Amino acid sequence: MTKISQNEKLIIIACFFCNLSQIPTLYNSRPISLVYNVCWLVLAVLLLKSERTIYIVYFILPITFDLFCIIMNVIKGSGYIDSNFFRPINLCTFIMLIGSWFGRRMSEESLMRIVISFVLSALIVAFYLYINIFKGVDWANSGGYLYGAKNSAGQIFLTGAVLAMLLLFKKHKIIVSGGIAFFVVLIVMMKSRATILTLVIMILYIVLFTIKNPKQKAIGIGCVVIIGIVILKNPDLYDLYINKIMLNNRNINDMAAVTSNRNLQYDYFFNTFGDYSFLGTGGTYIECMPLSVLMSYGVIGGLPVLLFSLMPLYIGIKYVKTEEYRVYCIIIISLSLMMWINGIFEEQSPFGPGVKCYFLWLMLGIFLGVKNQRKKYYLEERTNDL
């Protein structure tokens with residue numbers, strides 16, 4: 001067992017308290033945010049002292065976006081720097097930078113400990129929400145949402161389930177299965193529809209693309225098909241999952257109610273975008289990340305943001321076939337798909353809001369650090385051999 005470094009302790013504490021901040025009584029708590037913010041800042045200073053170098057190529061897109069916003073703010077006098085994406089994108093870039101430094105000296109045991117910290121803290125939040133909000137409540141027939149921050153919490157729970165499945169399941173099958181099941185049940189009870197849809201897509205991705213054993217893959221596909229047929233054919237289950245959860249007890253013919261008024265925002269985009277297609281408005285709220293980005297920054301400022309949002313997925317797919325990187329890449333692909341799909345229904349994902357997306361960018365940074373360090377090691381070995 002490798003010794004836990006000071007840097008690793010700081011990451012573990014930061015992840016733990018980032019997730020705990022989703023507990024309603026701690027939401028926007030200054031002491032909690034102070035703990036994880038100080039951890040990230042101290043970690044950045046310590047890593048900067050030891051690592052110093054930055055692989056600037058990975059940061060060109062957010063730097064381009066920042067320059068665009070600064071220039072447009074000077075020209076127009078307001079808007080762009082105060083827009084909803086400026087701070088989250090820079091925070092994600094900062095977390096990615098920390099990960100890229102930390103990953104250069106990280107062991108696989110360190111990764112496991114960080115993941116355990118994330119999953120345990122997510123479970124604490126999940127148990128709190130269940131006991132204090134959902135236990136004994138007729139959540140299925142509720143026309144509203146019992147927990148307002150359902151999408152942020154849902155993303156954290158789904159991240160915890162994915163990490164537990166990919167990294168912890170083999171060693172602790174029974175305990176991990178129970179934890180994953182609890183995450184899934186709570187996501188359903190919260191009626192976080194975007195997260196539920198993402199969950200279905202993530203299950204399909206894991207079954208179709210991450211399971212190598214043909215027999216296990218066939219069993220997985222069979223289970224998914226059977227569950228789908230049972231839900232669609234059984235009137236009670238159909239009423240529960242389709243009418244009460246996905247439609248949230250709303251009239252399917254009332255598009256504004258079903259989409260929570262998103263259809264009105266989409267209409268606004270398509271009717272107005274032509275007037276702001278190059279430089280954007282400087283900040284327009286639309287509950288769809290790609291549309292909000294294009295409307296806010298136009299094609300010129302929005303393209304770097306959209307490319308940056310897809311960068312984790314691109315890097316994960318590019319290196320997933322390399323065996324030594326496979327675990328990292330499957331995690332990155334899974335989280336990237338999950339948060340980008342969520343971004344179709346939410347404004348800021350995969351950049352925010354709050355702490356719900358930080359682990360994707362931390363994992364991307366860690367992988368880039370691991371990859372570059374191993375590449376450097378191989379080059380040094382080859383040079384010595386010559």
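A crossing is called left-handed if the near helix is turned anticlockwise from the far one by less than a right angle, and right-handed if clockwise. This is a predicted model, where local features need pLDDT of at least 70, side-chain atom pairs count only at pLDDT 80 or more, and totals for chains, interfaces and linings use all residues. Residues are numbered from 1 along each chain as its sequence is written, and side-chain values use heavy atoms, with hydrogens and water left out. Helices (H or I, at least four residues) and strands (E, at least two) are DSSP runs, numbered from the N terminus.

**Helices H8 and H9**

- Two packed helices are described by the angle between their axes and the distance between the axes.
- Helix H8 (residues 193-210) and H9 cross at roughly 155°, and their axes come within 9 Å; axes are lines fitted to C-alpha atoms, for helices over the stretch in contact, and angles run from 0 to 180 degrees between N-to-C directions.
- H8 is therefore roughly antiparallel to H9 (angles under 35 degrees count as roughly parallel, over 145 as roughly antiparallel, 65 to 115 as roughly perpendicular and the rest as oblique).
- The crossing of H8 and H9 is left-handed.
- On the H8 side, Ile203, Leu204, Val207, Leu208 and Phe209 meet Lys217, Gly220, Ile221 and Val224 of H9 (contact means heavy atoms within 4.5 Å).
- This contact of H8 with H9 has 7 nonpolar, 1 polar and 1 charged residues (Ala, Val, Leu, Ile, Met, Phe, Trp, Tyr, Cys and Pro count as nonpolar, Asp, Glu, Lys and Arg as charged, and the others, Gly among them, as polar).

**Helices H6 and H7**

- Helix H6 (residues 150-168) packs against helix H7 (residues 173-190) at an angle of about 160°, with the axes 9 Å apart.
- That angle makes H6 roughly antiparallel to H7.
- H6 passes H7 in a left-handed crossing.
- Residues making the contact include Phe157, Leu158 and Met165 of H6 and Ile180, Phe183 and Leu186 of H7.
- By class, the contact of H6 with H7 has 13 nonpolar, 2 polar and 1 charged residues.

**Helices H9 and H10**

- The axes of helix H9 (residues 214-233) and helix H10 (residues 235-246) cross at roughly 95° and come within 5 Å.
- H9 and H10 are therefore roughly perpendicular to each other.
- Val230, Ile231, Leu232 and Lys233 of H9 make the contact with Pro235, Leu237, Tyr238 and Tyr241 of H10.
- The residues of this contact divide into 7 nonpolar, no polar and 1 charged.

**The second largest pocket**

- The second largest pocket holds about 630 Å³ of space.
- Among its 28 lining residues, the closest to the centre are Tyr36, Arg87, Leu91, Gly354 and Val355.
- On a 1 Å grid over the protein atoms alone, a cavity is a set of points where a 1.4 Å probe fits but cannot get out, and a pocket is an open set with protein on both sides within 12 Å along at least five of seven lines; lining residues have an atom within 4 Å of a point.
- Grid points are joined across faces, edges and corners, and a volume is the space filled by probe spheres set on the points.
- H4 gives the largest share of the lining, 6 residues.
- By class, the lining has 16 nonpolar, 11 polar and 1 charged residues.

**Two cis peptide bonds**

- Ser349 and Pro350 are joined by a cis peptide bond, with omega about 15°.
- The bond from Gly352 to Pro353 is cis, with omega near 0°.
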